[in-house]
Amino acid sequence: MDLPNPEVLPAGHCCPSLGTRALEAGIMRFSVPPSIRHSAMANEPRGNGGPNPRLEGSGGGMESSKDSSRCSSPGLDPERHERLREKMRRRMESGDKWFSLEFFPPRTAQAAVNLISRFDQMGAGGPLFIDVTWHPAGDPGSDKETSSMTIASTAVNYCGLETMLHMTCCRQSQEQITGHLHKARRLGLKNILALRGDPVGEQWEEEEGCFRYARDLVKLIRSEFGDYFDICVAGYPKGHPDAESLEDDLKHLKEKVDAGADFIITQLFFEADTFFHFLKACSRMGISCPILPGIFPIQGYHSLRQLVKLSKLEVPQKIRDVIEPIKDNDDAICNYGIDHAVSLCQELLASGLVPGLHFYTLNRRMATTEVLKRLGMWAEDPRRPLPWAVSAHPKRREEDVRPIFWASRPKSYIYRTQDWDEFPNGRWGHSSSPAFGELKDYYLFYLTSKAPREELLRMWGEELTSEESVFEVFVHYLSGEPNQSGCPVTCLPWNDEPLAAETSLMKEELLRVNRQGILTINSQPNINGKPSSDPVVGWGPSGGYVFQKAYLEFFTSRDTVGALLQVLKKYEQRVNYHIVDVKGENITNAPELQPNAVTWGIFPGREIIQPTVVDPVSFMFWKDEAFALWVEKWGKLYAEGSPSRMIIQDIHDNYFLVNLVDNEFPLDNCLWQVVEDTFELLHRPGTRGDRLRDPVP
C-alpha cells in the first residue's frame, strides 16, 4: 500500500500519544493549515463571500464563488425560484388547490419556541404560504423574539416557508413604514399583506403625517420598491364595518387592487353563499385578481366570541343554536367546528370558483390539520426536495450543497452562514476558507430546545453517576424505550427532532456501538441507486436515483481513538476519517482542503446533484459547536461543581469527535466492522495499558 509521506504541522497543544500512533500507522496528521488556522479555529468571520470554491481541473488561480459554483441544470424544486403570485398562477392553471395558514406573534420567549415548532409541524403538510399578523402593541418591527418581523423572518429563513408579513399603516409615519419595508426585504421577506389597521379607540381618527387607507400603503410599496414585493389586501364579504355599504367598500377594494395589489384574502365568514355573493360583486366591480376565502374552524366558545367581537361579525342563528347548549364543552365545540369547516370548504371547492383556502389557525394545530386531512389537502410527503431543510430566503434559492455535519441542526447552519452573499450551487468546490459566523448564543429561540429544562433533566438524567450513564441516554434516544425514570428520550443536544427515517436501517448497529461508548450524533447508510421516490431515503423529483456513502460521526474516548487508529491501517484506501479534540488537533487521511461528496442524485434531464459533502475545513468550524453543546445544552443543566456537571465537562475536555466515510458505497458498509475491530483490539488482553493511556501534557 502506497501511503503519502506524513506531514506534521504545528498544532499548539497537541496529543503526542495519538499523533505518534498515527505516524507509526503511516497516517497523515495535521491540525489546520496555517493559511486557515485562525479563521477555522477561532470561528472569526472573514467576510461575506461564502466558501470560495475552486473548479476542479482549473488553473492555479482562485475562481470566484459566483463563477465556480454556477450550475447549468434546472433547480430540483421549481417553487424555490418562483414568487408567490407565480406559484398561485401555476396552481390555478393546473387546477391544483392549495391552502395557506395564518399565525400571530406570541407574547413570551417560550411561546416563540413553541410557535417555531408549530411552523415545522404544519409546514410538513404543504401550505403554499403562511402569514404572520402585525401587532402594533408588540413592537412589531423590532428585533424582539416575539415581534411580527422576527417571527416572519424566522419562518422564511429557518423553517423554509413562503411567508407573508402583515403590515398596518395607522399610527406610523411614512418614514417608519418605509424603514420596516426595507428591513423586511433585508431579512428575506417578499410578501406583504397591506392593511389600514385598527383605531386606537372606538372610532377611526385621522393622524397627521400618517396614512389613512390601506391603498396608500400599497401605493407606497409600489413607488418605493417597484415589483419586489407581492402584495395582498383584505376583502370583507359583508363589507368593512366602517364602510357606508358593501358597494362603497368594494370601491375601496378596487382602488387597492388598482394601486398594485396582487391578490385578496377575505375576512372569515360562516356560509358559502356569503363568499359567492362577494365574488359576484367583485366581478361586477372589475376586480379580477385571485380571491382566497378566509376559513376559521371554530375551536372554542370564548375564542369565537372574541374573534366575532374584534371583526364585528354576526354568527348565524343556526350555528348559535348548536353551540350555546355545548358552550362549556370545548371538545364538543371543536368537533362541531371541524365538521362545519369541512362542510364549508367542500362547498367552496366544489363550486370551481375557489383556487385555495386560507385558514385562521389561532396558532393551534389540531383543528386546521384535521380539516385539511378530511379534505384530502394535507399533502405530507416523506420525500424531500433536498436531503436537508431548505431556507426560503431569496438569496439562498440557488443553494443545493451543504456539509453533512449540520444535518440535524439546519437552523444553526443557516444562522452561521446568514451573512454569505452567495451559496454553493452544483458543487461545494475546493474550499479554502468558508467564513462561518461564530455561534455565541446557544439560546436563540429558534436554536434552543423545544423541551423545557425540567423535561431535559428527566430525559438526560437528574443525576449522572458515570460516563456509562451518559451512554445510556444515547441508547434510549435510539431505541425509543423510556429511561429508568419512565421518560422517553426524544432529543439530544445535537438533535432536537425525532430520529430520521433512515436511522431505522442502522438501528441495531447504532445501539450496539453506543452501548460501548461510540456516542453517535450523525450517520447515514450506504445507498446504491434507490429510487428518489423511496419513502425512507428518497429525495428530489420523481424518476431519479439517489446514492450515499456510509457516514458515521461520533464522540469517543482517547482509549477508543487509540485503538481505532491502529484498526484504520487496514482500511486506508477505503475509509476517510477526521479525528479532532476540543483543542483542535486534527488527525486525518483525507486530502487537504478537498471535500468528499457523500450524497448525490441523478434525475431526468439534469446534471448530477451532490447536496451533501464532508468538508475538512467546515468540520473544524462544526467541531467547536459540537463540543460546546456538551456544556451549553447538557452540562449547564446541573449546578456548577456537581458530579453530573463534572462528568459532562470531562467528556467535553477529553473525548474526540470522529467522522468516518466508507467510499465503497456499492459494497456492504464496512464502518461497523471498523468499530467492531476497534472494540476487539481495545479489549484484547495486554492492549489496555500505558500504550493507550499516555497523558496529554
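Axes are lines fitted to C-alpha atoms, for helices over the stretch in contact, and angles run from 0 to 180 degrees between N-to-C directions. Helices (H or I, at least four residues) and strands (E, at least two) are DSSP runs numbered from the N terminus. The model shown is predicted, so local features need pLDDT of at least 70 and side-chain atom pairs count only at pLDDT 80 or more, while totals for chains, interfaces and linings use all residues. Residues are numbered from 1 along each chain as its sequence is written, and side-chain values use heavy atoms, with hydrogens and water left out.

**View 1. Helices H19 and H22 pack against each other.** Helix H19 (residues 558-567) and helix H22 (residues 671-682) make an angle of about 115°, and their axes are 8 Å apart. In this contact (heavy atoms within 4.5 Å), the H19 residues Asp559, Thr560, Ala563, Leu564, Gln566 and Val567 meet Val674, Asp677, Thr678, Leu681 and Leu682 of H22.

**View 2. Eight strands close into a barrel.** The order of the 8 strands is S1-S2-S3-S4-S5-S6-S7-S8, with parallel pairing, where two strands pair if DSSP finds at least two bridges between them. Neighbouring strands of this sheet are turned by 30° against each other on average, direction ignored. S3 and S4 pair in the parallel sense over 4 bridges, and Thr168 has Leu195 in S4 as its bridge partner.

**View 3. Helix H7 packs through its buried residues.** Helix H7 (residues 174-186) has 13 residues and reaches 18 Å from its first C-alpha to its last, close to the 18 Å expected at 1.5 Å a residue, the expected span being 1.5 Å times one less than the number of residues. Ile177, Thr178, His180, Leu181, Lys183 and Ala184 are buried in H7, where buried means under 20% relative accessible area, exposed over 50% and partly exposed in between (1.4 Å probe, protein chains only). These buried residues pack against H6, strand S3 (163-168), strand S4 (191-195) and helix H8 (214-225). Just after H7, Gly188 takes a positive phi of about 100°.

**View 4. Asp139 and Leu362 have positive phi values.** Asp139, which is not a glycine, has phi near 50° and lies in the loop between strand S2 (129-132) and helix H6 (148-157). Its relative accessible area is 36%, and Asp139 is partly exposed. Leu362, likewise not a glycine, has a phi of about 55° and is found in the loop between strand S8 (356-360) and helix H14 (366-375); at 23% relative accessibility, Leu362 counts as partly exposed.
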